[in-house]
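This report describes parts of one protein model, section by section. Please look at the sequence and the structure first.

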Amino acid sequence: MDILLLGSGAREHALAWKLSQSPLLKKLYAANGNPGMARLAHCFEIPEAHPQEVLGLAKRLKVQLVVIGPEAPLVAGVADVLQQEGIAVFGPSAEAAQLEGSKHFAKQCMQKAGVPTASFEVFEQVELAVARARSWGSVVVKMDGLAQGKGVVVARTSQEAEAAVRMLWALGGGKQRLLLEEVLEGWEMSLMAICDGERFALLPASQDHKRLLDGDKGPNTGGMGAYSPLPQLSESMLEELGRLIFPPVLNVLKERGTPFKGVLYAGLMMTPQGPRVLEFNCRLGDPEAQVLLLQLNEDFLALALACAQGELRQARLKSKPGASVAVVACAEGYPADPRKGAEIFGIAQAEALGAQVFLAGAKNDFGRLRVSGGRVLSVCAQASSLPKAQEMAYAAMEKIRFEGQHFRNDIGAKAF
């Protein structure tokens, strides 16, 4: 069958790599893709968050399935338009994608479903939010809508809380709600499930590393690396978490008439009082997707098609033995002001060591690969154990060079 994949990051490069392994695949197309994806798919440049543009391309290519990688096309309603024309889609409707598009909506769904989460308050006036934030002191401040990873601040003092409220209010143009949420203590993990509207199949658990610098220091980023599975989480604990979170939320969305089809991502805080859901996303995480797709011992295209058709049958997904690690290399100045244009060397040498290199902020400049964004690429490895996967990933990263290159040296260290 012919498939159209939307997106251009390392997550989508990993998806293209995984989809290309399926015996069901005839042709793979991508919009907009990147130089790494161009080795696996025929790429087209279109505004991927514009439903009619995506529909037009899908109809011209006569694809049987569209796989949507990033959140923006989902929240924009791309899946809805495609489904109305009879084209199967792996990704939720715009209404279901409000789980990520609106943190307030996600909180309401969690409350109705009985899913444990942090207590919160919603504000539509900045001065009221400032006053409440100052009274709380230690507080999490969140923008209600999408903010490209910049919409959450954990404030530890009253002064930080006020500054966070005013900064996020300005970032949203004063046109959206803010949420104030209690600060939870514990360790974070990512738990994702493939869903067909009623049933779900758990992917392995994973853990992202958000901070720029080793030891979880420096500013928050889109993610500097990930590993999977989590040795501190037993199979029985994983299954219990899955049952706690996914069936109740899927039931709430189905009852609303907006069944969720695609990847439902729960960001969890494991607290001394038990698990709490911090947020929902409506797609695979990045860089978690890179390690999950390396670990997954299944035909991802078959799973995506079953979800799109509402015919998912598996409750458990097969994983490869061992572990996977992804280390992200970013540009100088990231995340505030990434420097672009540096030439990238050494990818072939890195892959010769057995690693997979998934591109993100990179472009082809007349045959030369150059930095074009903040997170440039992910170097990923799968091995019989986490230490071996770490060793392979970092050995491969040492082969890659570009001016201003930065990466963390402790991805996966939290497992120990």
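## The parallel sheet and its helices

Helix α2 (residues 51-61) lies across β1, β2, β3 and β4, and its direction is at about 155 degrees to β1. Helices here are DSSP runs of H or I with at least four residues, strands are runs of E with at least two, and both are numbered from the N terminus. Angles run from 0 to 180 degrees between N-to-C directions, with axes fitted as lines to C-alpha atoms, for helices over the stretch in contact. Contact means heavy atoms within 4.5 Å. Helix α1 (residues 10-19) lies across β1, β2 (27-32) and β4, running at about 165 degrees to β1. The model is predicted: local features need pLDDT of at least 70, side-chain atom pairs count only at pLDDT 80 or more, and totals for chains, interfaces and linings use all residues. Residues are numbered from 1 along each chain as its sequence is written, and side-chain values use heavy atoms, with hydrogens and water left out.

The sheet under discussion is open and has 5 strands in the order β3-β2-β1-β4-β5, with parallel pairing. Two strands pair if DSSP finds at least two bridges between them. At the edges are β3 (42-44) and β5 (88-90), each of which pairs on one side only. Neighbouring strands are turned against each other by 25 degrees on average, direction ignored. Strand β1 (residues 2-7) pairs with strand β4 (residues 65-68) over 4 bridges in the parallel sense. Ile 3 has Leu 65 in β4 as its bridge partner.

## The antiparallel sheet

Which order do the strands take in the open sheet of 4 strands? The order is β11-β10-β16-β17, and the pairing is antiparallel. β11 and β17 stand at the edges with a single partner strand each, so one side of each has no neighbour in the sheet. From one strand to the next, the twist averages 35 degrees.

β10 and β16 run antiparallel and are joined by 10 bridges; Leu 191 stands opposite Ala 266 in β16. The pairing of β10 with β11 is also antiparallel, over 3 bridges, and Ala 193 has Leu 202 in β11 as its bridge partner. The hairpin of β10 and β11 has 3 residues between the strands, and Gly 197 takes a positive phi near 105 degrees there. Of the 10 residues of β10, 8 are buried. Buried means under 20% relative accessible area, exposed over 50% and partly exposed in between, with a 1.4 Å probe and protein chains only.

## Helix α11

At the start of α11, a side-chain oxygen of Asp 299 comes within 3.1 Å of the backbone nitrogen of Leu 301. Just after the helix, Gly 310 takes a positive phi of about 70 degrees.

## Helix α9

Helix α9 (residues 235-255) has 21 residues and reaches 30 Å from its first C-alpha to its last. This is close to the 30 Å expected at 1.5 Å a residue, where the expected span is 1.5 Å times one less than the number of residues. A kink of about 25 degrees lies at Arg 243, shortly before Pro 247. The bend at a residue is the angle between axes fitted to the seven residues ending there and the seven starting there.

The buried residues of α9 include Leu 238, Leu 241, Ile 245, Val 249 and Leu 253. An α-helix has 3.6 residues a turn, so residues three or four places apart point the same way. The partners of the buried residues of α9 include α5 (98-101), α6 (103-113), β10 (187-196) and β16 (261-271). Gly 257 follows α9 and has a positive phi, near 85 degrees.

## A buried glutamine

Leaving aside neighbours within four places in sequence, the contacts of Gln 207 include Trp 187, Gly 225, Leu 230 and Lys 414.

Terms used
Polar contact = N/O pair within 3.5 Å; in protein donor to acceptor, adjacent residues only side chain to side chain.
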